[in-house]
Amino acid sequence: SKESLTGWTYAHYFQFLRDKDVKNIIATCTLCVKPKDLSTSRNNTSNLTKHLERCHTNIKLVTKRKQTEDESGEKTKQQKHSPTVAEYVVEVIPIILLLMFMILLSGLRCMLDNEPNQAVILKVMTDSIKHLGVTVHWIDSTLKRNKAALACKRIRGRHTYDVIGAEIEEIHSSYGLHGKVVATVTDNASNFAKAFRVCQPCHLDSESENEEGDDEDPTFTDVIEALSTASGDGQFSLPPHYRCASQTINLISTSDVDKHLSSCADTKAVHRSSFAKCSALWTKASRSTLASEQVEEVNRRKLMVPTSTRWNSLYEAISRIITIPMNELNPLCVKLGIKCLNEREYLFLQEYCTVMKPLTVALDILQGDECTYGALLPTLTIKITNLYSKINTFLVISYCILQAIKIRFDAVLDSQEGLLAAATCPKFKLRWLRDERRREHVKELLTKECRKAAPAADNANVSQLAASPAEIDFFDFENQPTESFSAEKEVTDYLRSGYELEILNQFPNLKKMYMKYNSPTPSSAPVERLFSLGGLVLSPKRNRLCDRRFEKLLLMRYNHCFTPKENKKTQGLVRVAIK
């Protein structure tokens, strides 16, 4: 009958003719030029399907849905199919979760597409900040240290000094940071160093020229020519540049120490052989599951493999090996099929870790987010003192480290900014200075800077109104002694006070100096953590993110504490929905 073709997907391409018998029917294809009768079963349309596949392969077949009503006018049951996402959301998910889902989508769209993406919020906050480090660490009036990420831009092409300088200048301009940046902390790359060396402010040179040439004749310049001349380099200026102290210490502990040990024939052999056997042990334990289990049975924990991105990893990896006694380490090496350490090599590794420990402790201190720039000089000074005390026992490596510190930190050890930053930290003050003459020098420097930071004295001589002699005789009072500001007294009282950070609230001028000179961080480790966070955002499944969207997502993740109140409410509702 005709109803046999009704439920079929391609029934509209065939026309029912007649019943052939009880089980079969006859139909004709409407696509064929010459009508052809086809026999098919009442319950199976496989013959008709084979006809379409055989004779009409060049035609794109279109399916047709089942009619919604039959002859009796009642609705027929629809064909079963898998529910779509929209049908699942509407029919399956409860209404409260649906509302949460809608709030989540609207909140994410608002946070991604609409400004601010923390930019406007941070711009408003930086308007009240007088001194801000470019690594975006600053100290507010409550002496609390804050951090934020301003940008994570992708630089296309060659990363030359002028391109890097222009990008930094653009970031400063977009956030209105001109005149507020105390210093910019970067790694020791040559392109960064050249960018800050070439683009230094011009007013520093002009001041020195004015001091030296006060009596010289004035020179005249053609203004029209000066304005019409295109400026090349130096069309913008960058703040002072601080090199990353953590990376510098890492270069000392790796490059300088290796170079010094390789220069002596006696230490070169034991250095290379011991490190080669350690490297073989790391490789074997990291590539073989069986070897890793054997190491864990002996050491109760796994070995650490040094990496170039973690500056303390080499020391930690070697110290993990020497925690294993030699009578247990060599049988383990025999099981793993690698060369054993002899007694001289084992003692060399112990000596290496003993001398390198102060460097690793210094790295841990300087890489902290709460570490201020004032901790740099005390850390280096205390570290040098400890190395001097051990120089008789470990002469080779200690002497190399001492010389490398003096060379690489030559510009930092006597810098005015570093001395003031350390002296204004209550926990350091002048206690870290062992030389009495240097303590007096830093105290004088602190007094001089405190006098500059002090506002104009309110009790200065005020011009009196003109009065007649009779009034002067009548209002003849005894001159009262006035208390004027004394920078020496404030510095002396500060040095005699306690060592808590809140002590600075009693000394407003020293508090200003602390906020200024301790805003930068001694290390670029916070920026390196931002790059590590980027690996979580740019996952393999999100490899088609554009640069702008990636930057927005990264800043949202890093600056979550600056999220607007509206978005915080949305996040709270999303957490409820997820729970």
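Predicted model: local features only at pLDDT ≥ 70, side-chain atom pairs only at ≥ 80, totals over all residues.
Where is Lys429 found?

Residues are numbered from 1 along each chain as its sequence is written, and side-chain values use heavy atoms, with hydrogens and water left out.

Okay, back to Lys429. Lys429 sits in the loop between helix 18 (416-423) and helix 19 (436-453). When I say helix or strand, I mean DSSP runs numbered from the N terminus: H or I with at least four residues for helices, E with at least two for strands. The phi of Lys429 is near 50°, a positive value in a residue other than glycine. Lys429 is also buried, with a relative accessible area of 2%. Buried here means under 20% relative accessible area, exposed means over 50%, and partly exposed is in between, using a 1.4 Å probe and protein chains only.

There's another residue with a positive phi to look at. Arg300 has phi near 65°, and again this is a residue other than glycine. Arg300 is in the loop between helix 11 (289-299) and helix 12. Is Arg300 buried or exposed? Arg300 counts as exposed, because its relative accessibility is 72%.

Now the whole chain. There are 25 helices and seven strands. Of the 579 residues, 38% are buried. For contacts, meaning heavy atoms within 4.5 Å, take those with a separation of 6 or more: 67% of them are between residues 24 or more positions apart.

Three strands form an open sheet in the order 1-2-3, with antiparallel pairing. Two strands pair, by the way, if DSSP finds at least two bridges between them. Strand 1 (14-19) and strand 3 (37-41) are the edge strands, each pairing on one side only. From one strand to the next, the twist averages 40°. For angles, axes are lines fitted to C-alpha atoms, for helices over the stretch in contact, and the values run from 0 to 180 degrees between N-to-C directions.

Helix 1 (residues 46-55) packs on this sheet and touches strand 1, strand 2 and strand 3; its direction makes about 135° with that of strand 3.

Strand 2 (residues 24-29) pairs with strand 3 over five antiparallel bridges, and Asn24 stands opposite Ser41 in strand 3. On the other pairing, strand 1 and strand 2 also run antiparallel, over five bridges, with Ala27 in strand 2 as the bridge partner of Phe16. A hairpin of four residues joins strand 1 to strand 2. And strand 2 is mostly covered, with five of its six residues buried.

On a 1 Å grid over the protein atoms alone, a cavity is a set of points where a 1.4 Å probe fits but cannot get out, while a pocket is an open set with protein on both sides within 12 Å along at least five of seven lines; lining residues have an atom within 4 Å of a point. Grid points are joined across faces, edges and corners, and a volume is the space filled by probe spheres set on the points.

The largest pocket holds about 870 Å³. It is lined by 32 residues, and the closest to its centre are Ala151, Ile171, Phe192, Val527 and Phe531. Helix 5 (161-175), strand 6 (184-186), helix 6 (190-198) and helix 23 (525-537) each supply at least two lining residues. By class, the lining has 19 nonpolar, eight polar and five charged residues. Ala, Val, Leu, Ile, Met, Phe, Trp, Tyr, Cys and Pro count as nonpolar, Asp, Glu, Lys and Arg as charged, and the others, Gly among them, as polar.

How many cavities of 30 Å³ or more does the structure hold? Two. The largest cavity is about 80 Å³, and helix 14 (343-366) gives the most to its lining, with five residues. Among the residues lining the largest cavity are Trp311, Tyr315 and Met356. That lining has eight nonpolar, four polar and no charged residues.

The second largest cavity has about 30 Å³. Helix 10 (265-287) and helix 13 (326-336) each supply at least two of its lining residues, and the lining includes two charged residues, Lys277 and Lys339.
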